[in-house]
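Please consult the sequence and the structure shown here.

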Amino acid sequence: MSQGLPGNTPGRRAVLRGSVAASAALALPALTGAAPALALSGRPRAAWGVQVGDVSAHSGLVWVRSDRPARMIVETSATESFRNPTRWQGPLLGPAGDFTGTTRLRGLPSGEQVHYRVLLCDPDDPRRTGEAAQGTFRTASERRADGVRFLWSGDIAGQGWGINPERGGYTAFEEMRRLDPDFFLCSGDTIYADGPIQPSVTLPDGRVWRNVTTEEKSKVAETLAEFRGNFRYNLLDENLRRFNAQVPSIVQWDDHEVRNNWYPGQILDDTRYTEKDVDVLAARSLQAFGEYFPVSTLSSGDSEGRMYRVVRQGPLLDVFVLDMRTYRNANSPGRQVEDPVGILGREQLDWLKRELSRSRAVWKVIASDMPLGLVVPDGKENFEAVAQGDPGAPLGRELQIAELLRHIKHQRITGTVWLTADVHYTSAQHYSPERAAFKDFEPFWEFVSGPLAAGGFPALKLDGTFGPEQSFVKAPTRANVSPAEVPPYFGEVEIDGGSGELTVRLRQEGGGVLYTKVLQPGRVGQ
């Protein structure tokens, strides 16, 4: 089945699209991405756009980047006219944070459209302000009848496929913006720090893919400046800036924010790197990630400094954002009969079990940066995700997932759904104890979508330990197929406020719905 884009009927954000688009399309600094000079004339500029992240019923986190030292000021209003706005004083933006900053908004009305504008003021003369950068977002509704609708995907600027002006850049973001979701869940691989972008790539049919290039994207990222430049690279795309100004985000990371298939304690033998200690690279990337995304647990005013968190979206939905990268053990053949560290680490697993038990939301979306039952190899012998290809009883990292699934069953936790990206194709898997070697869990669904702007890859094998059955898959038959040959994939989740039904749609760019699944509320298993 297929479903086209909305027609000419204005959505709830349509009235702002003209001003938001104009704000997002401000001229950008030179493509070198160099840190701003400290003695530029004129007024501070917010040319990299604005973002809002981790929006809940009454709060949200606004992001901006200046071109020089500035004081961040946010004004919010119920209308685009900004009559009698509420003013929020944000931080001083300077070189220590690469001239980025966030301001936390609190006490917002639930389920309402919030119009905001960010002003950058000269620290020495507050009367000198640059042109306001505008955006809008909707707070989560505490009224069940309002429903919830969001999109998810991941994998941006991977395998050498960057911003191609001849193709309009990252056009999938424009299509997603027009769908006007409540928020966007970015499931990791937000950058490819280990993937340099070359000026051009010749396709198998002889066509030439031409990339926007920058100095920081000419090599693998090792320094903090290079990681920052990788995050800036994507913001050169006007589609993404326009999307950010309209759609709030919930963002997590995976491996390519640092390096392919990395794990803590790893020492690299990759000749491209002079810094061989992955822990050093990961710390630099995490700092840059927190500077360039509005993540509540990574913001300057938060002491937790972690990626995993719960973002509550009213009575219908809680989003449990996992970090399967920071706390994992080393990639291995995965045959251990005991594995206390696993892929989540003990502390994160206990947190997830506790928070799932506490949740009163109808649906609990587990935002996983890696799939559960797909066999993701790391070289000839080791494995990168949870599954390792042995269809028998849980071993290695599967032991931790078995513990979690057992907890969900015995605590009678209803409405769990797993969403991920990572593998560069789209699919739907149903897990059932009737087909599984491990029996002590209730059936559940896992949905995969991506990439948004990276190479496509063939489908992976399934591991039978938790009894997956693939009801849908769409993937290329060869590795690293360009976005010119295979369209970007993203998913849509809609929760009906009346029935509580959750509908998943796997989409591809161009308006097509590839697959639809409707799940019923109030059930431990599906």
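By class, the lining of the largest cavity comprises 12 nonpolar residues, 5 polar residues and no charged residues. In this scheme Ala, Val, Leu, Ile, Met, Phe, Trp, Tyr, Cys and Pro count as nonpolar, Asp, Glu, Lys and Arg as charged, and the others, Gly among them, as polar. The model is predicted: local features need pLDDT of at least 70 and side-chain atom pairs count only at pLDDT 80 or more, whereas totals for chains, interfaces and linings use all residues. Residues are numbered from 1 along each chain as its sequence is written, and side-chain values use heavy atoms, with hydrogens and water left out.

**Cavities**

A cavity is a set of points, on a 1 Å grid over the protein atoms alone, where a 1.4 Å probe fits but cannot get out; its lining residues have an atom within 4 Å of a point. Grid points are joined across faces, edges and corners, and a volume is the space filled by probe spheres set on the points. The structure contains 6 cavities of 30 Å³ or more. Around the largest cavity there are 17 lining residues, with Q51, I156, L240, N244 and F293 nearest its centre. Two or more lining residues come from each of β10 (183–186), α3, α4 (238–244) and β13; helices (H or I, at least four residues) and strands (E, at least two) are DSSP runs numbered from the N terminus.

| Cavity | Volume | Lining residues nearest the centre |
|---|---|---|
| Largest | about 210 Å³ | Q51, I156, L240, N244 and F293 |

**Helix α5**

Helix α5 (residues 278–292) has 15 residues, and its end C-alpha atoms lie 21 Å apart, in agreement with the 21 Å that should be spanned at 1.5 Å a residue. The expected span is 1.5 Å times one less than the number of residues. Buried residues (under 20% relative accessible area; exposed is over 50%, and partly exposed in between, with a 1.4 Å probe and protein chains only) of α5 include V278, L281, F289 and Y292. Their cover includes β1 (50–53), β2 (60–65), β5 (100–105), α3 (224–235) and β13 (249–251), where contact means heavy atoms within 4.5 Å.

**T136 in strand β8**

T136 belongs to strand β8 (residues 133–138) and is buried, its relative accessible area being 2%. Its side chain makes a polar contact of 2.7 Å with the side chain of Q113. The side chain of T136 also reaches the backbone oxygen of V114 at 3.0 Å. A polar contact is a pair of N or O atoms within 3.5 Å; within protein, one must be able to donate a hydrogen and the other to accept it, and residues adjacent in sequence count only if both atoms are side-chain atoms.

**Backbone features in loops**

D98, in the loop between β4 (86–93) and β5, has a positive phi near 55° although it is not a glycine. D98 is buried, at 3% relative accessible area. R412 is likewise a non-glycine residue with a positive phi, about 55°, and is located in the loop between α7 (398–410) and β19 (416–420). R412 is exposed, with a relative accessible area of 53%. A cis peptide bond, with omega about 5°, joins G450 and P451; P451 lies in the loop between β21 (444–448) and β22 (468–474).

Technical notes:
On a 1 Å grid over the protein atoms alone, a cavity is a set of points where a 1.4 Å probe fits but cannot get out, and a pocket is an open set with protein on both sides within 12 Å along at least five of seven lines; lining residues have an atom within 4 Å of a point.
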